[in-house]
Amino acid sequence: MATQVQPNPHTHADVKVEEHLAKMRELFADAPEVGKKALENVLARLEAQASLNPPPPMESAGRVGSRIGKVSELTIIVPFAPGGARRLRAFLQLFGGNLAGADDVGTVHDMRFVFLDNDTKMLFATAYDGDWDAYIDDFASKIPDFLDIIDSAWEGWPGIRSPEAKDYLAAHQVTAEGWYVANDLTVAETRRLRRIGEAVDEFLDKVGDA
Amino acid sequence: MTIIKTPDVAAPITIELDDVQATVLRQRPAPYYGTHVLLRVDDARSGRALLRRLTPHVDSAAEWWRASDAWLAVAISYTGFDALGLPQPALRSFPDAFRAGMAARSAELRDEGVNAPKNWEFPFGTGQVHIGLSAFSGSLEKWHRIVEIARDQYENFSGVAVLQAQDFGQQPGDLNSLGYKDGIDQPPIEGSGVAPLPGQGRPIKAGEFILGYPGETGAPLPGPRPDVLGRNGTYVGLRKYQTLVGSFNRFLQAHAQTDDERELLAAKLVGRWRSGAPLALAPDVDDAALGNDPERNNDFGYRDDPHGLHVPLGSHIRRMNPRDTSLALLTDVNLHRVIRRGTTYGPPYDPTAVSVEDDQIPRGAYFLFMSAKAPATIEFLQQEWVNSGNFVGLAEERDPIIGLQEQDAIFTVPKAPVRRRIRDIQTFNVLRGGEYFFMPSLSALRWLGEEH
């Protein structure tokens, strides 16, 4: 007959967990009923999971932004320059909304361009490999015009070649409070694994058919 | 024999050579001797007085291509500028990484585990390293003389303390602590007065290496203010490594049977043979004549070796300068170059050393590197090209010579029909300390020494 093993209530880790959960209840005291009920439902589960290995915490991506393992996030909110929304929308539509030229950059997992508040401002969000600072100078050197076409839609954009460009990006970037990545794989690793996977399948097919 | 270059009359000199410190352009002599001295400034007036005494003995880079006497180089850390009494607006104009100091940038540098600053040797990481003074020479007696001159300025000078003095060089054949000829590849700098050596590529804009000139994008890189402080100056990084010769030899013996196979495996790790001959030109055996010839030993690219069958994609020199390698990530390799003035210290490489005790013998490298954005560059290199293999499709593999290896680390040697993946590669060079410095121009040194 299995016995329930209770965690020793006196371990330091458990005291911290209890403190956190008590704080959660306090914070949710004036939450909407839907939220309060949901929290009570999961509290028991949270308590049990807390004694297992916690997931790796979010780290800084460098100057701004968050990172989990190898994948960082960049989220920018920026006002449009006069006519900027119209021009950028048209440019994106040239490519069916899909700037697949980013394939050549090699570090970009995804990009989203979201126009807000009646085309007065936009949100630009991307998941990319490595730290914030790492390849910005390389992009400015290799694809400056591509970047300037997009970024010139933004109010006050100084141009990617300007020494103020990095400060502009950092000033409009908001570091994420939460960040989740399903696979700690870079774009290059993912492409390589897909090639290898296809080759292995082909090989096994041949072995299976023999 | 020191390489004496000839000036390139076709290319105009656009750098103010007589204001730049000699060591920024003057190559390391062969043979080379010298001393690194680390100083702490305890009193601002004394520190400024020391600069006034030292500055007349600091050579400029005028006619740097001629064979020369010994020379001194002076560089100052952020805490050093503070100790010298540099005003707050000037202090704040330095970039964040320089102001923090190398120890505080350990996350960006991936200096963790054995390389973490908490494991560093005194005085590194304490904030006390204020002034770095290096003497370089091509002969024993000139070395003794220049060290005497330097010592006369700082020894028994109250208000300034000597933290460390480390002699370097005097290595048979100028080989490094792993028994290799090093320091071969250097970036060619536009406007410096000398044509590039074969294989160096086209001259890179001066502003990437010296502040006050246009960089590759056309604009000068940001420098400290006022202008007199930054112009003609550059940033210097120092990383002191302890070489684990025993580990290196044990690894070679574990993964190769004969002497020839061990030498080939070692060459695959480095990218060159011990003579300096590049694997790209000598894929099967060493060629000492090639290694010794500066007109030939760097004259190669990687276009004909896209899969690394001759020079593994993860080998040390291919990582540090990928040249025309087709990279997985959009990169401008010319933005990531540094001038290198590394020096070897301790007893020479010993091919018979295999014990753990051998690993502890103090011997290794003072890796000195310079550029107009050296802190940003070394942080990029450490993140992207040293402690990761992603940029060449090698996932998490690290540089076999200076990488910080994790447990069960792998090094891939591309081969036909099937690559060889060597397991359990170790960290062969352990970081013992380091610091970021700024190397002011001669005008800036005089300005810093003034009493205002």
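What covers the buried residues of α6(B)? In this predicted model, the cover includes three strands of chain B, namely β1 (33-41), β2 (71-76) and β3 (131-137).

The buried residues of α6(B) are B:W143, B:I146, B:V147 and B:A150. These four lie on the same side of the helix, because they cover an arc of only 100° around its axis. Just after the helix, B:N156 adopts a positive phi of about 55°.

Turning to chain A, the model shows 7 helices and 5 strands, which follow the order α-α-β-β-β-α-β-β-α-α-α-α from the N terminus. The radius of gyration of chain A is 24 Å, whereas a compact globule of 210 residues would have a value near 17 Å. Along the principal axes, the C-alpha atoms of chain A fill a box of roughly 70 × 65 × 30 Å. Of the 210 residues in this chain, 21% are buried. Among contacts in chain A between residues at least 6 apart in sequence, 63% link residues at least 24 apart.

The two chains also meet each other: 22 residues from chain A and 18 residues from chain B form the contact. On the chain B side, these residues comprise 9 nonpolar, 6 polar and 3 charged.

Note on methods:
Residues numbered from 1 in each chain as written. Chains lettered and ligands numbered in written order. Predicted model: local features only at pLDDT ≥ 70, side-chain atom pairs only at ≥ 80, totals over all residues. Contact = placed C-beta atoms within 7 Å. Nonpolar A, V, L, I, M, F, W, Y, C, P; charged D, E, K, R; others polar. Helix = DSSP H or I, 4+ residues; strand = E, 2+ residues; numbered from the N terminus. Rg over C-alpha atoms; globule rule 2.2 N^0.38 Å. Buried ≥ 20, exposed ≤ 12 C-beta atoms within 10 Å, placed from the backbone. Arc of directions from axis to C-beta.
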